[in-house]
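Subject: The structure I promised you

Hi,

Here is the structure we talked about. Have a look at it first, then read on for what turned up.

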Amino acid sequence: MTRAPEMQPAGGDPAGVQHDAPQGLARLLSAARGTGAREGVERWNPPDCGDIDMRIAADGAWLYQGTPIGRAALVRLFASILRREGERYVLVTPFEKVGIKVDDVPFLAVEMAVDSVSRRVHFRTNVDDAVEVGEACPLCFRTDAAGGFRPYVKVRGDLWARLTRALVPDLLALAEERTVDGRMMVGIPSGEAFFPIAERSAFFSEELA
């Protein structure tokens, strides 16, 4: 196992982010870049301005009016002001909030590392969030239509990232068997925490998607 590298969220907003914004989003972006906007995303309670035509596809792509947002800096900025309210996803600034659509979950986990000393699992998302798996950021495993298991990790608030297919074999290489509530479970350890995937019999009869 390798020591987890430092995976820090990208800092600062590159010059020209607002200038390159898709038409109709300049006001939202300007507010998002304001002092303290992103730090207060879970505290702000601004007026609800309805929904906008923005969608996060299942492959992690962000689209505005059906057109992909190609600038990574813009995507990171929008991601930094995203929160979930019940079943609804909203972009929140100190002045307004607007709803967007999310096909599955908003983020993808695209890189994984394991600290060889603490055995803690770390992920980097497609928007450069660094996640340390534990009680605050647990793993969960959902069953897909084919009966396989899909792994997800909580990033912040009620926002989750789905592991890319390329990471699934690396994650499964960490799997252990443990007794949980009298049942033999297969799961993933991270530090002192353990995240069950399924009972042993079910796990070995299915493949992770």
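Arginine 83 and glutamate 85 make a salt bridge through their side chains, with 2.6 Å from N to O. Bear in mind as you read that this is a predicted model. Is arginine 83 buried or exposed? It counts as buried, because its relative accessibility is 7%, below the 20% cut-off. Glutamate 85 is partly exposed, at 26% relative accessibility.

Another pair to click on is glutamate 176 with arginine 119: they form a salt bridge too, and their closest N and O atoms are 2.6 Å apart. Glutamate 176 belongs to strand S13 (residues 176–180), while arginine 119 sits in the loop between strand S7 (107–114) and strand S8 (121–125), so this pair ties together parts that are 57 residues apart in sequence. Glutamate 176 is partly exposed, with a relative accessible area of 24%, and arginine 119 is partly exposed as well, at 35%. Some salt bridges share partners, and in that way Arg76, Glu111, Arg124 and Asp128 are joined into one network.

How many salt bridges are there? The count comes to 17 salt bridges. One more to look at links the side chains of aspartate 48 and arginine 88, at 2.7 Å from N to O. Here aspartate 48 is in strand S1 (residues 48–56) and arginine 88 is in strand S5 (residues 88–92), so the pair ties together parts that are 40 residues apart in sequence. Aspartate 48 is partly exposed at 43% relative accessibility, and arginine 88 is partly exposed with a relative accessible area of 25%.

Now for the cysteines. A disulfide is a covalent bond between the sulfur atoms of two cysteines. How many does a search of the whole structure find? It finds 0 disulfides. Cysteine 49 has 43% relative accessibility, so it counts as partly exposed. Cysteine 137, at 15%, counts as buried.

Strand S14 (residues 183–190) pairs with S15 in the antiparallel sense over 6 bridges.

Which ones are buried? The buried residues of H2 are Ala73, Leu74, Val75, Leu77, Phe78, Ala79 and Ser80.

Finally, the whole chain. The protein chain has 4 helices and 15 strands, and 44% of its 209 residues count as buried. Its accessible surface is about 10700 Å², and 47% of that belongs to carbon and sulfur atoms. Among contacts with a separation of 6 or more, 55% are between residues 24 or more positions apart.

Cheers

Technical notes
Residues numbered from 1 in each chain as written. Predicted model: local features only at pLDDT ≥ 70, side-chain atom pairs only at ≥ 80, totals over all residues. Heavy atoms only, no water. Disulfide = S-S within 2.5 Å. Buried < 20%, exposed > 50% of the residue type's maximum accessible area, 1.4 Å probe, protein only. Helix = DSSP H or I, 4+ residues; strand = E, 2+ residues; numbered from the N terminus. Contact = heavy atoms within 4.5 Å. Areas by Shrake-Rupley, 256 points an atom, 1.4 Å probe, with all protein chains shown as cover. Salt bridge = Lys/Arg side-chain N within 4 Å of Asp/Glu carboxyl O. Pairing = 2+ DSSP bridges.
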